Amino acid sequence: MKNPNGYGCIKKLSGNRRRPYIFVVSEQGKQRVIGSFSSQVEALIFQTDYNRTHGRPRLSDNKITWAELYHRWLPAHIEHTGPSASTLAGYRAAYRHCAPLYDLEVSKIKYRHLQDVIDRMKKAGLSYSSCKKVRSLLSLTFRYALRMEYTHRSFDRLIQIGKNKPVRPHKPFSRQLINRLWAHVDAPGVDTVLILIYSGMRVSEMLHLRKSDVNRRQKYFDIRQSKTVSGIRIIPIHDRIWPLVEARMQCPGDCLIADDEGCPYDYSRYCTVWRRVMDLIRGSGHTTHDCRHTCATLLDNACANPNAVRRILGHADGDVTDKVYTHKALRQLRKAINLIK
């Protein structure tokens, strides 16, 4: 990743280290280590503070480049919003697509410069999702630039990325396939697919669940890690999958979904389990995200309360005042989830 000239760089050392990230600067043609850190976030924050307090070469505030703007914005954004690791990875990927902007002065950047970045990505055949992440990054960095008075221009809602044309639209599981899952419920991994369908969880949320996140008295999942703020929620456990959850609670390991030795699955390993289950029920072509679509479809077909559906799935509903689930709300959500047959 390119930094502004003289800004130093962050490197990750190999091996199992307590503080694997280091911040280095170049002096007389040689690199000198300034500090070591336990996470990349700590290193980024230190990098920004170091360059702010030391007289290292850089442009003045009114001539800040977009690359330096990014490196000033990111630590502040991390401190205030605490984005997930996957979100940070998305920012880094989007930053790489913005290479034509690196050396441009923020105060002189025009709409055409930003739109050109998107247009080049589309011509290269990059996905709608990638373009959307770049647009989001550009909007966030320029909002920061406005607050810091590096520019007086705002490009919100101006950058066009076109319409989303999914390569393979998601489709819900048919009732026949769901019945096949129940018929093979004792086969390895089948229970995890049913848990996804009857809860509406993202697969990443399920894989991050620890047994301590399962409330056995009130029978709900406490989702503590999600890709969105709205995804932090509780999900009542459907009556049909409660025995499957109880069986998982008796297995080795701290995570709810683990192998026979108690080792948790990452997404790559779980995809192997997923493919075996799909082969078993003849459901090839389905992806893990189809489980969320299945849950949403079944809830809609059962005429579940729309607000309850949004809460179960972890979709934003615009209600910023109601962040804590009450016991009454839990009963309402349980009533909605049990409409699924």
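User: Rings of Phe, Tyr and Trp (its six-membered ring) count as a pair if their centres lie within 6.5 Å; planes under 30 degrees apart are stacked, over 60 edge-to-face, and the rest tilted. How many aromatic pairs does the structure hold?

Analyst: Heads-up: this is a predicted model, where local features need pLDDT of at least 70, side-chain atom pairs count only at pLDDT 80 or more, and totals for chains, interfaces and linings use all residues. Residues are numbered from 1 along each chain as its sequence is written, and side-chain values use heavy atoms, with hydrogens and water left out. Under that ring rule, the number of aromatic pairs in the structure is 13.

User: Take Y70 and W73: is that aromatic pair stacked, edge-to-face or tilted?

Analyst: The two ring centres sit 5.9 Å apart. Their planes make an angle of 45°, which means the Y70 and W73 pair falls in the class called tilted.

User: And how far apart are Y70 and W73 in helical turns?

Analyst: Both residues belong to helix α2 (residues 66-81); helices here are DSSP runs (H or I, at least four residues) and strands are too (E, at least two), numbered from the N terminus. Y70 and W73 are also both buried, meaning under 20% relative accessible area, with exposed being over 50% and partly exposed in between (1.4 Å probe, protein chains only). Since Y70 and W73 are 3 residues apart in α2, the separation is about one helical turn.

User: What kind of aromatic pair do F142 and F155 make?

Analyst: F142 sits in helix α5 (residues 128-147) and F155 in the loop between α5 and α6 (175-183), so the pair links distant parts of the chain, 13 residues apart. F142 is buried at 3% relative accessibility, and F155 is buried at 7%. With ring centres 5.0 Å apart and planes at 85°, the F142 and F155 pair is edge-to-face.

User: Which residue lies over the face of W182?

Analyst: A charge counts as sitting over a ring if NZ of Lys or CZ of Arg is within 6 Å of the ring centre and within 35 degrees of the ring normal. At 4.1 Å from the ring centre of W182, the residue over its face is R240.

User: On to the sheet: which strands are at the edges?

Analyst: Two strands pair if DSSP finds at least two bridges between them. The open sheet has 3 strands in the order β4-β5-β6, with antiparallel pairing. The strands that pair on one side only are β4 (214-215) and β6 (233-236).

User: Which buried residues cover the two faces of β5?

Analyst: In a regular strand the side chains alternate between the two faces of the sheet. One side of β5 has Y220 and D222, and the other has F221 and I223.

User: How many salt bridges does a search of the whole structure find?

Analyst: A salt bridge here is a side-chain nitrogen of Lys or Arg within 4 Å of a carboxyl oxygen of Asp or Glu. By that rule, the whole-structure count is 11.

User: Where do R233 and E205 lie?

Analyst: The pair spans distant parts of the chain, 28 residues apart. R233 is in strand β6, and E205 is in helix α8 (residues 203-208).
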